[in-house]
Structures are given as C-alpha cells and as structure tokens.
There are 2 protein chains.
Amino acid sequence: MSNTNLKQLAAALGLSISSVSKALRDSYEISAETKKRVVEMANRMNYQPNPFASSLRRKKSATIGVVIPEIANNFFALAIDGIQMVAEQKGFHVLTYLTHENNTNEVSTVRHLLGGRVDGVLMSLCRDTQSVDHLTSLQESGIPLVFFDRVPEQMSCPTVTTDDYESGFRATEHLIQSGCKRIACLSLSHYLSISNKRMNGYMDALKKHGLLVENGLIVQCTNDNEYNLSLIKALLKGRKRPDGIFSTVEKLAISVYYVTQEMGLQIPKQLKIISFSNLRTASLLNPSLSTITQPAFEIGVEAAGLLFRMIEKKTFGNRIDKLELKSTLIERKSSERILINKK
Amino acid sequence: MSNTNLKQLAAALGLSISSVSKALRDSYEISAETKKRVVEMANRMNYQPNPFASSLRRKKSATIGVVIPEIANNFFALAIDGIQMVAEQKGFHVLTYLTHENNTNEVSTVRHLLGGRVDGVLMSLCRDTQSVDHLTSLQESGIPLVFFDRVPEQMSCPTVTTDDYESGFRATEHLIQSGCKRIACLSLSHYLSISNKRMNGYMDALKKHGLLVENGLIVQCTNDNEYNLSLIKALLKGRKRPDGIFSTVEKLAISVYYVTQEMGLQIPKQLKIISFSNLRTASLLNPSLSTITQPAFEIGVEAAGLLFRMIEKKTFGNRIDKLELKSTLIERKSSERILINKK
DNA sequence: AAAAATCACGAAAACCTTTTCTTAAATTAA
DNA sequence: TTAATTTAAGAAAAGGTTTTCGTGATTTTT
C-alpha cells in the first residue's frame, strides 16, 4: 500500500507517466538531466513501484517458489538458507510452501503455483508422492522446475542430489567393520528414490560382506512419530535384536536414541547406529552420533543456481542437468567398535 | 504462466468477461445454472486466475511477509511452521526474508515490503537493530505489522513474546539452588529487549539471593561464532571461573558444550548450565541440557493470528495487543546439584 | 393492466506499469 | 535553405481481473 504512484510522481515533475517510467528504468529515450530529476523526486516522494502492476505487464514476478515437506528439519532449514542466499543475490523473493509430507497438500500447492505467481519452483517431494502428474503439468506449463534431494524418478527434470547409494553402502560397511552382524535399516519411505537408493546401498553392502538381507530388519517408517517409536521398540525388543542400525533419516535416529534410553540399551556396546543427519549437536549427544552429513546448504545453493540459469535463459529443456554432490561420513562413538574380548 | 484467461473462458462460454468473473466469485447476480456452466468450463480449460491482475485490482495480495534473522535455528523454524499453518488455513501465501542478523538487510527488506507486495508483516528483529525508523515507516504505510519474540521497545505495536524476565529469573534461581555461587550470563545482544529482560531476571535473581552481579560474568556475545567461542574460552579459563552459566540463547550453550569438551571441564560437576533452547535433542546431550523452552510453534500461531485479525478488520490501531506466552523450565543433568560432600 | 421491482447479464472503467507508436523540436546532412 | 535524421518526450494500448453502472427481460405489486 505504497501511497505514491507514477501518476502522482509525473504530476509533481510536470512530465508524462511514460517518461517517468522510462526514466526510472533508465531508458535511452530520456535525457540524463531528466533522469536525475526523476530519480531525485522518486526518492523524495518515497516512490515504490507497484509490484503487481509491474508483474502483470512484464509477465515476471521476480519470485520463486520453494516446496518442501517440512521446515522444522535441519536439512531443509539449511537448504532454504542456501536458496534464500542465491535468491536475494538475484533480487528475487521467495515464497515457501510446506506439504507436511502430505501428497494432497503437494498437489494443491502445485495447482496454486500453476497460476503463475512464481517464475520458477524448487521442490523436494513429500514421502507419499507416487503419481507425478501434478509435477509434469507444472513443468509443461513452462515454469522452470528443479528438484533437490527428494527427486522424482519417473520424470525427466533437473535435479540436485547427493551420492545416496554410495553413502548407504559406506555407512553399512562401516557398521560391518565395527563388528555388526545383524544390521537393520530404517527407511523413510518406499516411494522416495533417495530412501530406496540409500537402502540399496545398505543391501549391497550386506551382500558384499556375505550378510543376509532380512526383510524383518528393514523397517518402513511412517509420518506418525508415535507409530515409528513403536516400530523401533518392536525391532529392538524382538527375539533377534539387531546389533546395528542404519537410519536413512535423522528423525528416526533420534527416536532410536529415545528408545534405547528408555530400554536401557547401551550404544555402541549393545547396538551401533549411524544416520543421515545435519544435526549440529551430533558430536554432543550421548553417545556422539555417527552421521552421513549432506551438504545441505550447498544443495540449496546449487539447486537455486540451476533454477536461475533456467529462468534467465529461455533455452532450457535441451540439456537436463543432474547434479550430484558428495555427503561425508563422520564416525563417532555411536558406531565405535568395542574392544573388550580379544579374539 | 497459465495459458487461459477470462477472455478465452468467456469466449468459449459465449458469455461476457464480467459475467464469467462474477460467476467464479459466486456473485448473486449470476444464475445458478450459469455458475455451474462456468465452473465446469473453468475446470475443463484448467483456468487459473492471474494473481497479479487480481491483486492489482483488489489491492490485496493474499500474501504475508515474514522477516526473521535466520532460518537454520530451531526456534525460528518452529515459529515459521506455526505461521505457515495459520497462513495456509487462511489461503495466504508466505514470503520469507532472512536478515542474517544484519540491520542493513533488515532495512532494505522493509523497504521492499513498503512496495505493497504483502498484506501484512510478521517480524523478529535482528540483533543489531537500534533505530526503529524503518519499522515505524512500515507501520505508518498502513501495512499491519506484528512482532514476535524479538520486539522493538521504542514503538507501539502488537507483539507476541514470552515471559523472558521471569524465565531468566527462574533459570538463575534454579542454578543458585543447585549450588552455584558464581553464575555467568551469556547475552545475545544488548540492543534486544528479550536479551536484556532475560539478563535482568538473571541479575535480580542474583540480588535476591545475596549474590554479586559482576560485570566480568556478563558476556556480550556477537554474531561471529568463532569470536564467541574465544569469549567463552576466556571466561572458563579465567582466574575466577564461574560455576554456573545462564545462556540466553541456544547457540551459545552449544558453544559452551564444545568448549568444555575441549577443556575437559565436567558438566555439571565443575560447571552447571541452563539455556534457552528449542533443541529436540536437549535430553540426549552429554550431559542432557537443562532448558527454558519457548512455545515456538504457538508463538508463530499466535502472532499470525494477531496479524490476520488486523488484516481482516480494518479497525486496528485502537487497541495494541501484547501477548505473552509462558516458557517452561526443564531441569536436566546439566544443572543438577552434586551431592558429594555432606554439609 | 400499468407501475414497480427483481433478475441476469453486458459494457466499460479502474487498478498501475510498461512499451509501442507518434510527434514536435532540435540537430545534422545535402 | 531544405531535407533527413536524431533527440526527448507524450499518447495510448496492453496486461487480466474486479466492480460499478446500465439495460433489457421477466416477475411481482397495486
């Protein structure tokens, strides 16, 4: 609700609206001295162009949309941080939408975005998204679209991800080398490629080291935290308790800590664990948590960079960019080999 | 960049643009059957109204702006979560801006917002904001403005905060009752009222219990993490080391943990600590961290609620709402009394 | 049956910028 | 000195929606 508009500004200057507009946009049609006069008056009258009129006319919003499952999540908070940094640099605004891991929300958010409110979209899928119809329709509408981390497998689109398979493999191998024989895997969702890739890495590591892949040791978790806790409890109280856990996502590892604390189970003595995590306090936990840490901030930066390249040049679609960054495995106490009995 | 507009829709229906618009807005001027026809065709043609044209005409953006210091912060992430929930309920979009604790960014963000891009603003000040000129000008422009947590003291405006003074008092008293005699206070910023209120509570608790307020024990921290670490190190390595720390903000408590870990200082035996924090893993730290936990999500919900009341009724300004929620003190190991020597 | 009211819709202005197209004046070229 | 070009500015259309006002046709009132 800025009060002064071009009309008033023009009146105050004794110029036409069009000349003022051109002066402010630094058009060659306007003389240097007039430009100066206009800019000065604009500042004095505190003129702010109406963004809607401008967007309507230019068909550009200078806004990007970011669609993520949740914000109270260390990974996504860091990614947003990176995205915001790039957007600010480009003079763009950032509209954030949370799906709360609910596909219905994701679909309706995409429908909103179809309205043309944004010049581009960054997105990370929600755990229960199976059909990609809403995503392809967004893409087909001509709005540049880049996925990060949780990307769809069934469609051709630019993505920024991490080396999930390799990370899953290395994490599991690390547990094996620390002496684990029965390693469980806590999966985020069987629909998400990142979860499956991490799990495939896990399974291949088991196979490589001659360990059996047991279905009972692969726990498909849900979006209900309470229910996940009960799944984890069941896993750890079962007749054949695992001696290692590979958690594909931070939240589940934290749940494991709570359960072991409640059960009096000792990490790493009775149970070792390693998890994907961006927890800043991983090294301060009791015991410190071994993590595979994704470069979350950089993922945000790269995804935004990719998006802006698409927004700026119209020439997208010919080459589909797939960027893969590396995660780092940080060994800490929670997966430490116990050297009590000599062999 | 939705393709079909009202004009095309009208043509396809053999109606005028105005009738179609009215039908879609469910005007009483349009017959029920025509409305039905219009809605069906709109769906079939995948019509999405152009948000800029609509905003331009109605002088409403259905968007709120949220200005916060940082997003990779448990408190703010939770608050945003609450804000988003309310906004979504109201059918509003959320534009997020990060100041990175930098006043210059805050000022320029506010200038952008003055353009009328949003119907209301939720804000939490950055640590070095002293002058409130940019804030009053935003307020005077007629855009509803609500502050949460970090609120300005010098201006009259609606706010949502917590019982910071009392929480500071109780936290300090708790340390005293656990046996601390020399309690340090880690302050976020001497410009922010929340930091000062917490510190005042700290000082009054010391006085009540006959303890001296020592300037050397009040550490004004900065936005430079490395420098803060050195301040904390200096504090803990000084000739008269404190036996308790009251941290006004989570990040500083984490730094203390790192320093004590490095120095081999034992919490709570040699040093007790309590901190404002929304860390979900507080109870899993080594040792578990005593916290004053703010209802961050609720703060977001309440602040957004307040803002929407202002947006919906034009009648604001007569009564200034000041909401104060309660924080909860959770005692954990880090501030536990040590019962070694009988008295 | 005439007057009044209601109904269902259309025309057109308004919101504010941006941009294309004109145009008058000033400058350069012939 | 006239013709051609450049310069600096204005008029007006366009962008898509909403809303006010107007207008025939139908229904209700007296």
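Start at B:Lys22. This is a predicted model, and in it an N or O atom in the side chain of B:Lys22 is 3.4 Å from a base oxygen of DNA strand D. The side chain of B:Lys22 also has an N or O atom 2.3 Å from a base oxygen of DNA strand C. Please keep that residue on screen for a moment.

Now the rest of strand D. Which residues come nearest to it? There are 29 residues around DNA strand D, and the nearest are A:Ser19, A:Lys22, B:Leu6, B:Tyr47 and B:Arg57. Of the atoms of DNA strand D that come within 4 Å of the protein, 59% are accounted for by sugar and phosphate.

Two of those residues can be looked at in detail. B:Leu6 uses its backbone: an N or O atom there lies 2.6 Å from a phosphate oxygen of DNA strand D. B:Tyr47 uses its side chain, where a polar atom lies 2.5 Å from a phosphate oxygen of DNA strand D.

Where in the chains does this surface come from? By class, the surface near DNA strand D has 9 nonpolar, 11 polar and 9 charged residues.

On to strand C. DNA strand C is surrounded by 27 residues, and the closest are A:Arg57, B:Ser19, B:Lys22, B:Glu29 and B:Thr34. Sugar or phosphate makes up 59% of the atoms of DNA strand C within 4 Å of the protein, and the rest belong to bases.

One is from A:Leu6, with a backbone N or O atom 2.7 Å from a phosphate oxygen of DNA strand C. The other is from B:Ser31, where a backbone N or O atom lies 3.0 Å from a phosphate oxygen of DNA strand C.

Leaving the DNA, let us turn to a pair of helices in chain A. How do helix 10 and helix 11 of chain A cross? The crossing is right-handed. Helix 10 covers residues 225-237 and helix 11 covers residues 250-263; their axes come within 9 Å and cross at roughly 55°. The two helices are therefore oblique to each other. From helix 10 of chain A, the contact includes A:Leu229, A:Ile232 and A:Leu236, and from helix 11 of chain A it includes A:Leu252, A:Val256 and A:Val259. Counted by class, the whole contact has 7 nonpolar, 4 polar and 4 charged residues.

Last, some backbone details. The peptide bond from A:Asn286 to A:Pro287 is cis, with omega near -5°. A:Pro287 sits in the loop between strand 9 (272-276) and strand 10 (290-293) of chain A. In chain B, the bond from B:Asn286 to B:Pro287 is cis, also with omega near -5°, and B:Pro287 is in the loop between strand 9 and strand 10 of chain B.

A:Ala62 is not a glycine, yet has a positive phi of about 55°. A:Ala62 is placed in the loop between helix 4 and strand 1 (63-68) of chain A.

Note on methods
Residues numbered from 1 in each chain as written. Chains lettered and ligands numbered in written order. Predicted model: local features only at pLDDT ≥ 70, side-chain atom pairs only at ≥ 80, totals over all residues. Heavy atoms only, no water. Near = heavy atom within 4 Å. Polar contact = N/O pair within 3.5 Å; in protein donor to acceptor, adjacent residues only side chain to side chain. Nonpolar A, V, L, I, M, F, W, Y, C, P; charged D, E, K, R; others polar. Axes fitted to C-alpha atoms, helices over the stretch in contact; angles between N-to-C directions. Helix = DSSP H or I, 4+ residues; strand = E, 2+ residues; numbered from the N terminus. Parallel < 35°, antiparallel > 145°, perpendicular 65-115°, else oblique. Left-handed = near helix turned anticlockwise from the far one by under 90°. Contact = heavy atoms within 4.5 Å.
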